[in-house]
Amino acid sequence: MIEQEIILKDAVETEQVGHYLGQQLKIGDVITLSGDLGSGKTSLARGVLAELGLEEEAPSPSFALMIAYEPPEIILPVAHVDLYRLDNAADIRELGLDEFGMEGILLIEWPERLGDKLEHLWPQSLRLHFDILENNMRRLTWQAPHDWEKRWPPL
């Protein structure tokens, strides 16, 4: 895995990285988004979904746990998942993410709630982590598997 980082100056720049990521996606991709509350996870996901054609602003899936988007609403099927409220990693099966991940793209916020199941379920996921810096800036670090070498990092 390749590990690198960039500094993002604000939410707009974070969304722009999401737009770039949206251009790189293909069926079967899993992207995990970790970091503290308000660190940029949903902003990046909104950029991805906008790039894929979502016309309205994507809501956070915090209370629903998962929001699925399908064509023609967007060009590729995407499940935007927020596991913050997941009580038990075993409950992941009830969401049907393993099936969805074979037919679409998974954007998973709070993947650490899965514990060691993450590595077992999606070993080839692009793992993004956000840290909040001063002046509303963000540090985006990532672990990119070899499958992502020609698609990531953003330019």
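Trainee: Where is Leu 49, and why is Leu 49 called buried?
Mentor: Leu 49 sits in helix 2. This is a predicted model. The relative accessible area of Leu 49 is 0%. Buried means under 20%, so Leu 49 qualifies.

Trainee: How far is Leu 49 from Glu 5?
Mentor: Their C-alpha atoms are separated by 22 Å. Along the chain, the two residues are 44 residues apart.

Trainee: Take Pro 111. What makes Pro 111 buried?
Mentor: Its relative accessible area is 4%. The limit is under 20%, so Pro 111 counts as buried. Its place is in the loop between strand 5 (105-109) and helix 5 (117-121).

Trainee: What separates Pro 111 from Leu 33?
Mentor: Along the chain, 78 residues. Between the C-alpha atoms, 6.9 Å.

Trainee: Now the core. Which residues of the largest nonpolar core touch the most other members?
Mentor: Leu 21, Ile 31, Leu 128 and Trp 152. The core has 29 residues. Suppliers of at least two residues each include helix 1 (11-24), strand 2 (30-35), strand 6 (126-132) and strand 7 (138-144). Helix 2 gives the largest share, four residues.

Trainee: Trp 152 is next to a proline. What kind of peptide bond joins Trp 152 and Pro 153?
Mentor: A cis bond, with omega about 20°. Pro 153 lies in the segment after strand 7.

Trainee: And what is the peptide bond from Pro 71 to Pro 72?
Mentor: That bond is cis as well, with omega near 10°. Pro 72 is in the loop between strand 3 (66-69) and strand 4 (78-82).

Trainee: On to backbone angles. What is phi of Asn 135?
Mentor: Near 60°, a positive value in a residue other than glycine. Phi of Asn 136 is positive too, near 65°. Asn 135 lies in the loop between strand 6 and strand 7. Asn 136 lies in the loop between strand 6 and strand 7 too.

Trainee: Why is Asn 135 called exposed?
Mentor: Exposed means over 50%. Asn 135 has 66% relative accessibility, so Asn 135 counts as exposed.

Trainee: Why is Asn 136 called partly exposed?
Mentor: Asn 136 has 46%. The middle class runs between the 20% and 50% limits. Therefore Asn 136 is partly exposed.

Trainee: Charges next. How many salt bridges are there?
Mentor: Six.

Trainee: How do you know that Arg 46 and Glu 57 meet in a salt bridge?
Mentor: The N to O distance is 3.9 Å. The cut-off is within 4 Å, so the pair counts. Arg 46 is in helix 2, and Glu 57 is in the loop between helix 2 and strand 3. They are 11 residues apart. Arg 46 is partly exposed at 22%. Glu 57 is exposed at 60%.

Trainee: What makes Asp 131 and Arg 139 a salt bridge?
Mentor: Their closest N and O atoms are 3.6 Å apart. That is within 4 Å, so the pair passes. Asp 131 is partly exposed at 26%. Arg 139 is also partly exposed, with 26%.

Trainee: How do you know that Arg 151 and Asp 147 form a salt bridge?
Mentor: The N to O distance is 3.0 Å. Being within 4 Å, the pair therefore counts. Arg 151 has 9% relative accessible area, which is under 20%, so Arg 151 is buried. Asp 147 has 38%, so Asp 147 is partly exposed.

Trainee: Which residues are linked with Arg 151 in a network of salt bridges?
Mentor: Lys 26, Asp 29 and Asp 147.

Trainee: Last, the surface. Which residues form the negative surface patch?
Mentor: Glu 55, Glu 56, Glu 70, Glu 73 and Glu 103.

Trainee: Why is that patch called negative?
Mentor: Each residue named in the patch is a Glu. Glu counts as negative, so the patch is negative.

Trainee: What makes Glu 55 exposed?
Mentor: Its relative accessible area is 78%. The limit is over 50%, so Glu 55 is exposed.

Conventions: Residues are numbered from 1 along each chain as its sequence is written. This is a predicted model: local features need pLDDT of at least 70, side-chain atom pairs count only at pLDDT 80 or more; totals for chains, interfaces and linings use all residues. Side-chain values use heavy atoms; hydrogens and water are left out. Patches are made of residues with over 30% relative accessible area and no salt bridge: like charges are joined within 9 Å, nonpolar side chains (Val, Leu, Ile, Met, Phe, Trp, Tyr) within 5 Å. Accessible areas come from the Shrake-Rupley method with a 1.4 Å probe; for residues, only the protein chains shown count as cover. A salt bridge is a side-chain nitrogen of Lys or Arg within 4 Å of a carboxyl oxygen of Asp or Glu. The place of a charge is taken as NZ of Lys, CZ of Arg, CG of Asp or CD of Glu. Buried means under 20% relative accessible area, exposed over 50%, partly exposed in between (1.4 Å probe, protein chains only). A nonpolar core is a set of buried Ala, Val, Leu, Ile, Met, Phe, Trp, Tyr and Cys residues joined through side-chain atoms within 4.5 Å.
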